[in-house]
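Please read this report with the structure open beside it.

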Amino acid sequence: MNRLAGVTSPYLLQHAGNPVDWWPWTPEAFEEARRRDTPVLLSVGYSACHWCHVMAHESFEDQETADYLNEHFVSVKVDREERPDVDAVYMEAVQAATGQGGWPMTVFLTPDAEPFYFGTYFPPAPRQGMPSFRQVLEGVHQAWTGRRDEVSEVAGKIVRDLSGREISYGDSQAPGEEELARALLGLTREYDAQRGGFGGAPKFPPSMVVEFLLRHHARTGAEGALQMAADTCERMARGGIYDQLGGGFARYSVDREWTVPHFEKMLYDNALLCRVYAHLWRSTGSELARRVALETADFMVRELRTNEGGFASALDADSDDGTGKHVEGAYYVWTPQQLREVLGDDAELAAQYFGVTEEGTFEEGSSVLQLPQHEGVFDAEKIKSVKGRLLDARSRRPAPGRDDKVVAAWNGLAIAALAETGAYFDRPDLVEAAVAAADLLVRLHLDEHAQIFRTSKDGHVGANAGVLEDYADVAEGFLALASVTGEGVWLEFAGFLLDHVLARFVDEESGALYDTAVDAERLIRRPQDPTDNAAPSGWTAAANALLSYAAQTGAEPHRTAAERALGVVKALGPRVPRFIGWGLAAAEARLDGPREVAVVGPSLDDPATRALHRTALLGTAPGAVVAVGTPESDELPLLVGRPLVGGEPAAYVCRNFTCDAPTTDPERLRAALSG
């Protein structure tokens with residue numbers, strides 16, 4: 001076993017038995033490189049990464065390669081999900097140098113952590129114009145020993161170039177009607193009207209863009225925005241990217257049609273998409289959206305929930321195909337023969353319903369289950385029986401590996417999704433799951449100063465400090481929980497986290513945000529990325545959470561910080577709307593107020609109070625915040641000075657320092673919150 005044996009990251013633990021003498025990212029690793037006068041090999045990946053596993057098997061498990069590495073390098077292995085700051089800094093360098101990036105990421109550094117040579121996956125033998133990994137190692141070693149001055153010059157130039165890449169995002173003014181209309185126009189131009197979604201292959205689920213489209217429709221009535229959102233969600237839900245048996249979404253589709261996924265399932269994707277489908281149902285009443293939201297929530301609770309009550313990061317793409325060989329998608333795909341073995345006479349029905357063909361839609365004649373549009377009508381009970389039998393048979397296959405680490409930010413997203421989905425569909429068990437995850441974060445991830453640690457595993461907290469997205473997404477989850485449960489403690493904890501954002505992540509002069517705290521470990525560059533990628537950027541997530549918190553509490557510093565942070569959306573929204581969807585959604589909330597809804601009643605169990613509360617939560621006004629409690633409650637600031645009306649439960653709706661007359665009628669409340 002090497003030095004990774006005692007870490008908490010499941011990804012690093014997968015490499016603990018390698019013959020490579022791996023180090024985790026620590027100052028001691030770089031001190032060792034200085035002592036030995038060797039370069040550092042930095043290898044960055046994550047547990048659900050298919051090509052990370054391939055390179056590990058081909059190179060890092062190979063004794064001859066390991067011997068060469070151990071003699072000539074100090075090898076450092078990083079889990080990008082544990083250290084997004086390290087990943088971001090060196091990925092920026094890789095992309096700047098090569099024009100592309102990805103994982104595994106392979107970077108060679110000086111002992112001062114300055115990069116000088118880059119790549120991603122390297123094969124064990126030369127292939128398709130790529131050098132072998134051994135050739136790369138030998139070339140880097142020769143450069144280090146024979147051309148040190150040149151290496152130092154390259155490394156210094158790269159660091160200087162990175163340092164000069166400061167973000168210029170215009171002013172600190174939030175976007176207005178014009179910028180959001182231009183963003184919508186830009187999305188319309190990139191929209192795939194035939195297949196849903198945006199752009200070509202590979203195609204990623206645009207959850208944050210869909211949230212913007214739903215909010216934009218609610219605020220403006222733009223039918224085109226709603227149509228793009230609804231059609232994209234339907235196409236994804238009918239495609240192979242969605243698990244038609246067990247619920248939940250894969251990371252992305254390798255094709256434009258959503259047919260063949262990259263099979264890993266990530267917590268952040270499923271949390272974001274669960275919430276989006278719930279919001280789509282809220283806007284349209286779509287039965288498909290309702291089903292997918294609930295199935296995705298159930299998937300998260302069933303397959304990602306840990307023994308401690310948090311949610312695991314991911315399920316792998318690969319699994320044992322039954323022969324001892326790990327194959328991508330083996331757990332999920334079916335051949336007609338496999339259907340016949342499980343279903344007998346119902347196999348033909350299942351093949352037609354799920355689009356399973358003799359030729360197959362995946363590899364070696366297998367098919368990814370889809371839900372094609374059919375002209376005929378299927379017997380619902382028969383289909384339910386077929387799905388149950390297939391799911392039972394699938395459960396006996398070797399399951400994909402699970403990355404059991406709990407990432408604070410992604411659990412925050414899951415808390416928000418489960419709380420709202422549970423409230424919308426009268427599923428208190430989902431709300432309870434959200435509360436349990438929030439309890440875990442408070443107990444384990446927050447210290448006595450409410451500073452957050454990014455990860456934990458098996459009830460043991462990791463050593464890595466939280467980054468901006470951890471503070472922002474956990475605050476987002478707590479704010480949603482406060483609206484759903486009426487418990488002020490969640491609003492209080494959100495405030496603690498957002499106070500850290502104001503004090504430790506915001507540039508006071510410009511209002512810009514950094515991904516790491518001012519007192520965090522110093523890297524060669526302080527990372528700062530406002531664009532939304534697989535999940536909301538810390539920057540846009542913080543803007544949205546700050547705005548919601550200000551609406552709940554009237555806290556002016558938080559409102560001001562949110563508006564200044566949204567300046568980046570004013571700059572980027574019209575130009576690259578696909579990559580700042582969450583920021584655009586936050587900007588929609590700001591333009592609408594957001595609206596503040598206070599529901600008061602004699603008790604939270606009172607039927608009339610519950611009816612008003614549910615109506616408030618189902619309002620489509622962008623980013624509306626909800627507080628519920630008794631007139632005597634002092635837990636939530638919005639409830640202060642809100643009496644019953646004629647002894648009856650009542651709802652108060654305010655925005656921009658103006659309030660409507662209170663109402664006791666859910667229908668009037670619904671109309672006031674319809675956008």
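Phe378 is partly exposed, at 21% relative accessibility; the class runs between buried, under 20% relative accessible area, and exposed, over 50% (1.4 Å probe, protein chains only). The model is predicted, so local features need pLDDT of at least 70 and side-chain atom pairs count only at pLDDT 80 or more, while totals for chains, interfaces and linings use all residues. Residues are numbered from 1 along each chain as its sequence is written, and side-chain values use heavy atoms, with hydrogens and water left out.

**Aromatic rings**

Rings of Phe, Tyr and Trp (its six-membered ring) form a pair if their centres lie within 6.5 Å; planes under 30 degrees apart count as stacked, over 60 as edge-to-face and the rest as tilted. This rule gives 28 aromatic pairs. In one of them, Phe263 and Phe362 have ring centres 5.2 Å apart and planes at 70°, so the pair is edge-to-face. Phe263 is in the loop between strand E7 (261–262) and strand E8 (265–266), and Phe362 is in the loop between helix H14 (347–354) and helix H15 (380–394), so the pair ties together parts 99 residues apart in sequence. Helices (H or I, at least four residues) and strands (E, at least two) are DSSP runs, numbered from the N terminus. Phe263 is buried at 3% relative accessibility, and Phe362 is buried at 18%.

Tyr353 and Phe378 also make an edge-to-face pair, with 5.0 Å from centre to centre and 75° between the planes. Tyr353 belongs to helix H14 and Phe378 to the loop between H14 and H15, so this pair joins parts 25 residues apart in sequence. Tyr353 is buried, with a relative accessible area of 17%. Elsewhere, ring pairs link Trp22, Phe60, Phe122 and Phe133 into a cluster.

A charge sits over a ring if NZ of Lys or CZ of Arg is within 6 Å of the ring centre and within 35 degrees of the ring normal. The charged end of Arg80 is placed this way over Trp103, 3.8 Å from the ring centre.

**A strand pair**

Strand E15 (residues 596–600) has 4 of its 5 residues buried, so it is largely enclosed by the rest of the structure. E15 pairs with strand E16 (residues 625–629) in the parallel sense over 5 bridges; pairing requires that DSSP finds at least two bridges between the strands. Glu596 has Val625 of E16 as its bridge partner.

On a 1 Å grid over the protein atoms alone, a cavity is a set of points where a 1.4 Å probe fits but cannot get out, and lining residues have an atom within 4 Å of a point. Grid points are joined across faces, edges and corners, and a volume is the space filled by probe spheres set on the points. The search finds 2 cavities of 30 Å³ or more.

| Cavity | Volume | Lining |
|---|---|---|
| Largest | about 470 Å³ | 31 residues |

Nearest the centre of the largest cavity are Arg275, Arg282, Glu420, Gly623 and Ala624. Helix H18 (468–485) gives the largest share of that lining, 5 residues. The lining of the largest cavity has 16 nonpolar, 9 polar and 6 charged residues. Here Ala, Val, Leu, Ile, Met, Phe, Trp, Tyr, Cys and Pro count as nonpolar, Asp, Glu, Lys and Arg as charged, and the others, Gly among them, as polar.

Conventions. 1 Å grid on protein atoms, 1.4 Å probe; cavity = no way out; pocket = protein on both sides within 12 Å on 5 of 7 lines; lining within 4 Å.
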